[in-house]
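Biologist: Could you take a close look at the charged side chains in this model, both where they meet aromatic rings and where they pair with one another?

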Amino acid sequence: MNRTKAVGLAGLACAMLTLGVTAPAAAGSDRPRFGDVQEALTELAASSKVVGAIGAVYVDGKRVDQGTGGTRLLDDKGGKIPPTARYRIGSQTKLMTGTVILQLVKEKKFALDTKLSELLPVVVEQDLVKLADQITLQQMLQHTSGIPNLPAADIFGDTTYRTPLEMVKQTSDLERTGEPGAQFSYSNTNYFLLGLIIERYTKHTVAAEFERRLFDKLDMDKTYLPVKPPGGIKGPHGHGYYPDKDGKLRDVDRQNMSHGYAAAGVISTSDDVSAFHRALVKNQLLPEELTQVLLGRLLPKEQPAKTASKPAANGRICDGKGGYFGVTGGGPGNKSTTYNTPDGRVQFALSATLAASNLDPDLDPLMEKAAEAILCPSN
């Protein structure tokens, strides 16, 4: 019998803000030129490390192209993934959590400099977070709190529901990554705590607040946040696979969503996640100064100083042709990225189901190549 394999939640909910460059959206009714989505996704899915891929391009809120490559299941089985299928967006969820938190800041429920000890007294009462009286809300949003990341999760055998507070408790004896505000250190624990703050101040679940403040407002009818096991995906969709200790690929379609929650749990579609990104980037969900707390500087030649996502990747895409930035989420069996222009006019939503570890270093270049082929085709 195979032993279960553990994977760090940094892998389960790995997000990055990738500043790339490409042909910018033209003014007025003109449309930027794109490569063929179907062709690029067919090439992406031809990799032995990808089972299937879906994606779509949007200009001014209208879908202008979409495609699907590979198949729903491993070994060319299950037929094509519907291009409108749901998929896990991973740590793109963090932007949603951050948006709701900053809406509460705008409503003056608390401030960016309010301390964690005041926001969640329970973490002091139960000694769950060291230096809670020094950690600010903004530091948690931007991963500079020094709070350690959640430990490795058993992705094959763990079916036990754990409350968000129980998840946070797993980090209480771990070493901090730095003094509050001193440095960036990516930690999903920050966003579990932010989810708990949302629930304390609204008296509703994070899922309910997402529905009320985001999904209903933006007509994201296919999007939802499951928080308990078993966590499958509604409707026809692609299955992802993860290698066990012997290298055998095992289906990880149904996951323990205790591990996702407000850090990485949302399931969405290309249409819906693009609608969210568009509204966020265009400051329709938050005032610009609060949007910047999440997204940082979007200038193509600059790296974001502090954001809700990981620092930008070392490489750029489509260098010298304008600007796109992408927010990526990933976990066992899946990776997804939504690319945007800084003005919010154009989005490209991409999802891939995997036949490899989501931490495989070959995956990001493969997905970036597909994005380059679509967003900035050669002249």
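**Charged side chains, over rings and in pairs**

Modeller: In this predicted model, Lys94 lies over the face of Tyr191, at 5.8 Å from the ring centre, and Arg250 is placed over the face of Phe156, at 4.2 Å from the ring centre. Turning to pairs of charges, a search of the whole structure finds twelve salt bridges. One of them joins Asp362 and Lys49, whose closest N and O atoms are 2.4 Å apart; because Asp362 lies in the loop between strand S12 and helix H13, and Lys49 in the loop between helix H2 and strand S3, the pair ties together parts that are 313 residues apart in sequence. Asp362 counts as partly exposed, at 40% relative accessibility, and Lys49 is partly exposed with a relative accessible area of 21%.

A further salt bridge is formed by the side chains of Arg63 and Asp271, at 2.8 Å from N to O, and this pair links distant parts of the chain, with Arg63 in strand S4 and Asp271 in helix H11, 208 residues apart. Arg63 is partly exposed at 38% relative accessibility, as is Asp271, with a relative accessible area of 31%.

Within helix H9 (residues 206–215), Glu209 and Arg212 lie three residues apart, about one turn of the helix, and they form a salt bridge whose closest N and O atoms are 3.1 Å apart. Glu209 has 1% relative accessibility and therefore counts as buried, the cut-off for that term being under 20%. Glu209 and Arg212 also belong to a network of salt bridges that links them with Glu107, Lys109 and Arg213.

Note on methods:
Residues numbered from 1 in each chain as written. Predicted model: local features only at pLDDT ≥ 70, side-chain atom pairs only at ≥ 80, totals over all residues. Heavy atoms only, no water. Lys NZ or Arg CZ within 6 Å of the ring centre and 35° of its normal. Salt bridge = Lys/Arg side-chain N within 4 Å of Asp/Glu carboxyl O. Helix = DSSP H or I, 4+ residues; strand = E, 2+ residues; numbered from the N terminus. Buried < 20%, exposed > 50% of the residue type's maximum accessible area, 1.4 Å probe, protein only.
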